[in-house]
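Here is a short note for a colleague who has not looked at this structure before. Please read the points with the structure open.

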Amino acid sequence: SNFAFRDYYKGVITNNDTFLGNVIVSASSGKNQAVMAVPIYSEVNGSLTGIWAGGLDMSEFNKSLQSLNLTNNERIVYVDNLGKVVADSDIQSSNRNESFANLQGFKNAINGKSGTVKEIVNGTEMLVSYYPVKALSNNWAVLLIQPNNGNSVVSSSNYAITNNSIM
């Protein structure tokens with residue numbers, strides 16, 4: 001099969017280095033995965049002879065986030081550079097095909113910024129804290145989403161734990 005249209009293939013060719021592709025749903029398992037691709041070079045003349053690619057199962061990221069046992073409708077998500085959820089602290093949401101690409105917090109994180117903004121998420125005003133994460137050749141984001149009840153304080157201890165776990 002020809003995989004030249006895949007982002008990971010294009011990324012390896014363009015960067016001449018290991019590339020982490022966008023999150024996709026695996027055709028074989030039905031689970032979210034990201035493809036990591038590595039260029040293979042000839043020992044004789046250094047030319048590109050092939051690409052090794054393997055799917056990374058995102059379930060371990062989900063388990064890590066879900067072990068935080070967040071309360072009060074707090075939610076932490078890892079999001080790829082297109083806004084697609086990589087992993088989710090909410091067990092009920094972790095199997096949904098969800099995107100946060102429309103959130104300003106996501107856009108800020110992908111552009112290398114961190115902070116907190118008020119946003120409407122699923123019809124409810126929420127505080128969205130965001131942090132950029134370098135994931136090999138891509139920029140991903142960590143989002144902490146919690147209700148804005150006027151008394152909300154960003155749960156920075158959980159946020160720090162999450163940030164460290166993806167790196």
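The points below go from the overall layout to single residues.

1. Basis. This is a predicted model, in which local features need pLDDT of at least 70 and side-chain atom pairs count only at pLDDT 80 or more, while totals for chains, interfaces and linings use all residues. Residues are numbered from 1 along each chain as its sequence is written, and side-chain values use heavy atoms, with hydrogens and water left out.

2. Layout. The chain has 4 helices and 8 strands, taken as DSSP runs numbered from the N terminus (helices H or I, at least four residues; strands E, at least two). Read from the N terminus, the order of elements is α-β-β-β-α-β-β-α-β-β-β-α. Of the 167 residues in the chain, 41% are buried; buried means under 20% relative accessible area, exposed over 50%, and partly exposed in between, with a 1.4 Å probe and protein chains only. A contact here means heavy atoms within 4.5 Å. Among contacts between residues at least 6 apart in sequence, 41% join residues at least 24 apart.

3. Largest core. A nonpolar core is a set of buried Ala, Val, Leu, Ile, Met, Phe, Trp, Tyr and Cys residues joined through side-chain atoms within 4.5 Å. The largest one has 15 residues, and Val77, Phe100, Phe106, Val121, Leu143 and Ile145 touch the most other members. At least two residues of this core come from each of β4 (75-79), α3 (104-110), β7 (124-135) and β8 (138-147). A second, separate core has 14 residues, including Leu20, Ala87, Val133 and Trp140. In soluble globular proteins, nonpolar side chains tend to be buried together.

4. Val77. What does Val77 touch, leaving aside its neighbours within four places in sequence? Its contacts are Leu65, Val85, Ala87, Asp88, Phe100, Ala141, Val142, Leu143 and Ile145.

5. Aromatic pair. A search of the whole structure gives 1 aromatic pair. Rings of Phe, Tyr and Trp (its six-membered ring) pair if their centres lie within 6.5 Å; planes under 30 degrees apart count as stacked, over 60 as edge-to-face and the rest as tilted. Phe61 and Tyr78 are edge-to-face, at 5.7 Å centre to centre and 85° between the planes. The two lie 17 residues apart, with Phe61 in helix α2 (residues 59-66) and Tyr78 in strand β4, and the pair links distant parts of the chain. Phe61 is partly exposed, at 25% relative accessible area, whereas Tyr78 is buried, at 0%.

6. Largest pocket. On a 1 Å grid over the protein atoms alone, a pocket is an open set of points where a 1.4 Å probe fits, with protein on both sides within 12 Å along at least five of seven lines; lining residues have an atom within 4 Å of a point. The largest pocket has a volume of about 330 Å³, the volume being the space filled by probe spheres set on the points, which are joined across faces, edges and corners. Its lining has 19 residues, of which Asn73, Glu74, Arg75, Asp90 and Ser93 are the closest to its centre. Both α2 and β7 supply at least two residues of the lining. The lining divides into 7 nonpolar, 9 polar and 3 charged residues; Ala, Val, Leu, Ile, Met, Phe, Trp, Tyr, Cys and Pro count as nonpolar, Asp, Glu, Lys and Arg as charged, and the others, Gly among them, as polar.

7. Positive phi. Asn16 has a phi near 55°, a positive value in a residue other than glycine. Asn16 is in the loop between α1 (7-15) and β1 (19-25) and is partly exposed, at 49% relative accessible area. Asn122 also has a positive phi, near 50°. Asn122 sits in the loop between β6 (115-121) and β7 and counts as exposed, at 65% relative accessibility.

8. Strand residues. Is Tyr130 buried or exposed? Tyr130, in strand β7, is buried, with a relative accessible area of 7%. Its C-alpha atom is 6.2 Å from that of Thr116, 14 residues apart along the chain. Lys118, in strand β6, is exposed, at 58%. Beyond its neighbours within four places in sequence, Lys118 is in contact with Glu125, Met126, Leu127 and Asn148.
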